[in-house]
Structure formats: C-alpha cells, structure tokens
Amino acid sequence: MSSPISTARLAQGSDRRTDERRKLIVLGLCAILVLVLFLPFFTWIRVADQDALYSAMGLKASVIKKLTPDHSILTFLSFVETSKQGVLGFWSFLLLIVALAAIALCLLAFIRYLRRNRVAEGKGMLRTYSTFQKGMVFSFATAVGTIGLIIFANHHYGLAGFAPGISLFLVPVISLVGYAISKRLEKTERVLCREHGFIEEFRRNWILFLFLVPCFVFFLINNYLPMTGIYFAFTQFNFRDHLFASPYVGFKNFEFLVRSEILHLTQNTILYNLVFIVVGNVLQVFFAILISHVANQRLRKTSQTMIFMPYFVSYVILRVLVFNMFEYEVGLINNFLTSIDRAKVDFYNTPSYWPWIITLFYLWKNVGYGMVVYLATITGISTEYYEAAQIDGANIYQQIRYITVPLLKPTFIILLLYALGGIMKGQFELFYQLVGNNGTLFSTTDIFDTYVYRITTTQPLSMGLGTAAGLFQSLFGFIVIVLTNFLIKRKNPEYALF
Amino acid sequence: MKIKDPSKMGFSVIKGVFLTILSLLCVLPFVVIVSGSFTSNQEIIRNGFSLFPRDFTVEAYKTIFKTPEDILQAYKMNVYYTGIGTVLGLIVITLTAYVISRKEFKYRNTVSFLIYFTTIFGGGMIPWYLMYANVLNLRGTTLAIWFPALITPFLVILMRTFITGSVPDAVVESAKIDGAGHWRIFWQIVLPVLGPGLATVGLFQALGYWNDWYRSSMFSTSSKTWSLQFYLYDLVNSTQAMRQMAQYANVNTADLPTQSVKLAMSVVATGPILILYPFVQRYFVSGITVGAVKG
C-alpha cells in the first residue's frame, strides 16, 4: 500500500527533479511562444481574394485604400470598423477579449512562477499551474474561434475571401502541448500538497453542486449572459440589423459621452452617494446607540418599529407623498407658508432644492434599516465590558466612545465596502420616482441610472450610447471597490470584503 | 451592584428627545397619507393637507372600490408575484447560502465572489433588458416580472453569515461522522435553526416584490400583468385612468376626488406589507448580521 506521503517522498528523487525542471522549461517556452504569436505582426487572418471580397462588401475605393491584407486577432477589429462590416463585429470583439485574457493569464503565470518562493504555505505551484492552464485554454479558444470566424465570414460573403495565417495553426498545437505537460506536473504537485482537483471535489460534494444549479442558472441568465451586451456600447445600435450586427464604431459613443454628459453624471452620482453613505451611517450609528440604551422593552420595540416603517413604503408612494408635500397649489409646505403669510415656493421648477429633498427622503427611508443592522452588532457586545467600565468609573459617554463605537467598526467597514461597490449606482427608483421626467430638475438630479433608463424607454436609437454610459458606470464602480478592498486588505485582512 | 452615574441623567434626556423626534418624523407622513385619504377632495384643494381629517369621509375608498376589477387584478398579480418570488427565492437563496457556508466545499469563495461580482460589474440596464425582451422573448409574460429578482446577492450573503453564525461546524462534522449526507444535514440540522434568518430574508424578499413597479414598466405589454405599484404609478400619472374611473362611477370628472383617491390607493397598496412586519420583527435583530463576501 502506498500512502500519499511515501509517493511524495519518491517524487522528490533527483531523477524526478531534473525531469520536472525540463518540463518547466518547456512550459515557459510554450507561454513565450504563444505570447509572441499574439504580437500584431504575426498574421492570423489574411485577405486572400481582395478584389472579390471588397466588392462583395460593397466598399468604395477610398475605404479600400485604408485596408491592409494581413491582420492579427488584436488588430482585426479596426478592419471591421473601417470596412463597416457589423456582421463580423461581435465575433471579432469576443475573440479580442478572449485573446487579451489569454495574454493576461500567461503573464500572470510568469509572475506567479517568479514569486513561487513567496506563495502561501501548502499550495506549492498549484496556482501557477492552474493559471497557466487557463492561459493555454484561452489561447486555444482564440485560435479555434478565429478559424470559426474565417469560416463564418467566407460563408457570409459566399466566397473564400479570408484565409488563415500560419500562426493560427501554431497556437493551438503549442497550447495543447503546454496544457498536457502542465497537467502532468500538476498531478505530482497535487500529491505533494494533498490537494484534490475538480473531479474529486465533484465526487465528494456532488449534492452541493446540485444545490447550486438554480443559482447558477439564475445568474447566468440574469447577469453573466447579458454581459456580452457590453458590445452594444461599441456599436451604433439599431433594431434593423440583427441584435449583434449593428455597425461597430469603436469608442465613438464614449467620446460623445465624455464631451457631453459624463462629467456631470459622474459628479451627481458620486456626490449623492457620498452624502448618503456619510450622513446615513452617522445617523444610523447614532440612533442605534440611543435605542440600545432604552431599557424599557416595549418602548424600545415601539420606537424601533416606527423608525423602520418608512423602509416599507414603495417609491411610488414616496412620489405621492413628496408631491403632496411640495406641490405648488395644495402642497403641505406651501399651504403652511400661505397660512403664515409668506410667499409660496415653486419646488418643482427650482433645481437647487432637490439635492436636499432627495437626501432627506433617502435618509427618512433608510435610517431605520441601517440602525437595525448596527443594533444587531451592539446587542452582540458582551455586557461584561460595560460593567467593568462602570466599576472603573467611566461615564456613559466614555463607555460609548471607548467600547461601543470601536466595536462597531467592523460592521461599519463592511457596510461601507458594500456601499462603495455601488457608488456609481444611484438609488434609481428614488430619483426616478421623485423627479420623474421633469427636465427642469435634471441639472441637479440626473444620475447614470436615470439617464440610461430614459434612453432605454424613450430613445431606442441611442441604445449604444446608453450601454456605453452603463459600461462606464460599471467599470468605474468596479475599480473603486477593487482598489478600496485592496487597500483595506493590505492594512487589515480581517476587514476585507473579498 | 449599581453604581451611580451622573452622566446618565443628561444622556437619557438626549435619548428621549432624539428618539421621539425621529419616531415622529418617521410616522408623520403616514398620518398625513391616512388622514388625507379620509378627507374630501374639495377640502384638500381648499385648505391643503393636514394631520387630521377635518371632515371625515370614505368617499375616496368608495370611488376605488366602485370599479374594483382593475385594482383587484393588480392586487391578484401582486400577491402572485410576491408569493412565487418569496417562496422560490427563499429556497434558492437558502440552498446557495448553505453551500457557500460549508468549509469543506473547495470553491465556496469562488462561488461567493461570482455572486457578489454581479453587484459591482455588469452589462448594465440595456443588455439586461434586451436579454429578456429580445433574446428570450419574455415581454408580456409574468415570468419576466418575477424571475429577474429571484436572487438578491446581498441576501445570499446575509443568509450565509446567519448560517455560519448559528450552525456550529462541530455539529455538522459529527452528523457527517454518523453518516448523514449533505441532503440530510441541510433538511434536518441546518434548516430547523434558520427561523430568524428565513424570516428576515423572506421579509426583504417579499418587500422587494411587493413594492416593485420597475419590471412591470419594462416588460408589460398589457395592464393584465401590472403589479400593484405600477398600477398606482399609472394612476398617479395619468389623468386618463382617472377619467375612465369617473365614467364607470358616473361621477363628473371635475368632482372626482383625485388627491384623496391617490392617498387612499397608497393606503390600500401599503397595508398588507406593513401588517406583515410586526410578526417578523422579533426575529429581525438576530436575523440581520452582515458579513463579508469571503467565508
């Protein structure tokens, strides 16, 4: 009988070592070769039958002059853009992303290899191998996908206009070789580290995988498949062509956004969110502390219920409420102003009031929720701390300052990180319902979500633009949260969100 | 042992004052809505809104229920969406949360991150809309209205944190040694102690569905599939619906209690979910424990 440990000892023999060395060098070579073949001057796609193809595409002489016959997968999109062949756009775009991922993964594998002495105990080279394998899979997919693109394009134009370059056949071969060797190496390393692979994990916990199926289906349909629609941001979207066949226009939509809306949308979205986060959290902590000191159970329950109640109000009803308060003719406030002989205020035509109104109602709706979250943490704090502090003569403010508040810090950081993750996502329903399509107020109340919603529902021809705005919003928020999380992780890994 | 603390007096004053003010501020708008719904429209137009109905009347409610077909249809749809969304959502969320709470599951952090990732990055509203409307062709179906909100990533993490906190690893381990599989562990050991978690997540889930108007506005092709809130939204916005109602009710459009009808509708639309809250409240504080994405 051979236990894993004795096999591992055998594997450490010097013969095995030199063998592994040799294999590692081959792996490195594979990665370098693949990376080199991705360079723009290696031809992947060649325009073989130029005259016939260009006339089939219906191109003018001025456009043809700008086109070159040789393309790598990294530069093919510019061909699509110049020749205005939207049909090929989505496919080439997807391949470009897969290619970039392959390149990134190969580079990452190198970095992992160079830093191998600093990896966490017990994992050995496993992560390096798995990154490398992913890199190989992606480069293989790029090459095969490119062949598919060529076949598709030739079929579409009905002639053999495109031909594959030599690189296109080298890449899959190299990828396969690299993948096979790395699998071999991984196997011995697995035994050494006593780690098991996906198949073993599936055999052990297949029920858990089964539990995940509905969740997987949901996120695939609702989130991950729609991500392919990011491509619309790079097109001049129309419903006339097939969904993915609108003309590819590169970064034109983004250029337009940068020139017109982006600055003011970003500014509005971020400022509102910062105010919501800061003021919201301060109030929530403040009231959570107050309410935790209410000794009378019934009083405590009652006020908690009352403060939580606004959270149940739908935004449509909030709209009714705000309208009733701020309306010019019969609104509560103007009514009051008239009764004390003051001039009425025209809220619905004065943008400067709305940041206040929106913030006020955001707080009104959300203070109760956050308060309960903080209250849950406070309830978890052991009373011994407070008793000890009382014996030492600390008064109630000192107890709050030195016991409660520091112990709320982890909760605060987690809530903050979740909130920062959505810093570019406004409270769409809040803004849309309070402001609606009242254009006079947009200068102070328009945020990304309302802008995109307006485009989706009223200007179907600007959908490319709307997607671009959405993509910018998404990317910006993503970068903010990844950076913040990284900084917090470096300072204190305990508090990091992921 | 009680120790006299002079600062306590001042603190209890602060406590009393602030909590009273906040509680009142939170409840006041409800009072305005309810009292407005019992006031006649002329009174509102003449004297504006007030905290107490100056002339008590149920005119507005009568108008709504004179032609109850539309509102009952919207109510029925809302109950349907809320029911199916809450039950299915709760099942799927709990199953997922159980999986990512298990330490022995190798990919638990990968799965939680993939779930969280959807909240920080995505294709945006337009690709999402086109996915349901043009690719899956679900416009006009009820599926398009309840399916997209089935799982809220934040609720999965809330549930995961709750499971980690209330089911000790040792219990699961010993059950495993006794030969129980994940299926049995989930149903017989984990599920019975999840009361507060299920109540909290269920309430949030139900609230989300009950208050939804957005998906109805996006995917409805006829008023048959409208949720209650979108019906209300439409009512608030369009004088058309008002006029139609007046026609059926044989009231002169000018006399129509527009303002008070809106308020009465608000009361009718919020009522059920507010009534649910007190039943769930006692689980609430123990149910809301927010944790990180990684386990």
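**Entry 1: domains of chain A**

I began with how chain A is divided, and I found domain 1 at 4-195 and domain 2 at 259-495. I then looked up the spacing: the C-alpha centres of domain 1 of chain A and domain 2 of chain A lie 46 Å apart. A reminder to myself: this is a predicted model.

**Entry 2: confidence**

Since the model is predicted, I checked the pLDDT next. Chain A has a mean pLDDT of 85, with 95% of its residues at 70 or more. For chain B I noted a mean pLDDT of 83, and 89% of its residues reach 70 or more.

For the complex, I wrote down the predictor's ipTM of 0.88 and its pTM of 0.87.

I picked helix α6 (residues 86-114) of chain A and helix α7 (residues 126-157) of chain A, which pack at an angle of about 160 degrees. Their axes are 8 Å apart. How do I describe such a pair? Angles over 145 degrees count as roughly antiparallel, so α6(A) and α7(A) are roughly antiparallel to each other. I also noted that α6(A) passes α7(A) in a left-handed crossing. Sorted by class, the contact of α6(A) with α7(A) has 19 nonpolar, nine polar and three charged residues.

**Entry 3: a second pair in chain A**

Next I turned to helix α11 (residues 252-259) of chain A and helix α22 (residues 463-491) of chain A. Their packing angle is about 75 degrees, and their axes lie 9 Å apart. That angle makes α11(A) and α22(A) roughly perpendicular to each other. I listed who makes the contact: A:Asn253, A:Phe254, A:Phe256 and A:Leu257 come from α11(A). From α22(A) I have A:Gly464, A:Leu465, A:Ala468, A:Ala469 and A:Phe472. The contact residues divide into seven nonpolar, two polar and no charged.

**Entry 4: a pair in chain B**

In chain B I looked at helix α11 (residues 195-210) and α15(B), which pack at an angle of about 140 degrees with axes 8 Å apart. This makes α11(B) oblique to α15(B). Their crossing is left-handed. On the α11(B) side, the contact includes B:Leu203, B:Leu207 and B:Trp210. On the α15(B) side, I spotted B:Tyr283 and B:Phe284 among them. The residues of the contact of α11(B) with α15(B) divide into eleven nonpolar, five polar and no charged.

**Entry 5: where the chains meet**

How many residues of chain B are in contact with chain A? I found 82, and they meet 76 residues of chain A. Several elements of chain B give two or more residues to this side, including α4 (68-101), α5 (108-120) and α15 (258-287). The largest share, 15 residues, comes from α1(B). By class, the side of chain B that touches chain A has 54 nonpolar, 21 polar and seven charged residues.

Definitions and conventions:
Residues are numbered from 1 along each chain as its sequence is written. Chains are lettered from A and ligands numbered from 1 in the order in which they are written. This is a predicted model: local features need pLDDT of at least 70, side-chain atom pairs count only at pLDDT 80 or more; totals for chains, interfaces and linings use all residues. Axes are lines fitted to C-alpha atoms, for helices over the stretch in contact, and angles run from 0 to 180 degrees between N-to-C directions. Helices (H or I, at least four residues) and strands (E, at least two) are DSSP runs, numbered from the N terminus. Angles under 35 degrees count as roughly parallel, over 145 as roughly antiparallel, 65 to 115 as roughly perpendicular and the rest as oblique. A crossing is left-handed if the near helix is turned anticlockwise from the far one by less than a right angle, and right-handed if clockwise. Ala, Val, Leu, Ile, Met, Phe, Trp, Tyr, Cys and Pro count as nonpolar, Asp, Glu, Lys and Arg as charged, and the others, Gly among them, as polar. Domain bounds come from an automatic or database domain assignment. pLDDT is the predictor's confidence in each residue, from 0 to 100. Two residues are in contact if their C-beta atoms, placed from the backbone, lie within 7 Å.
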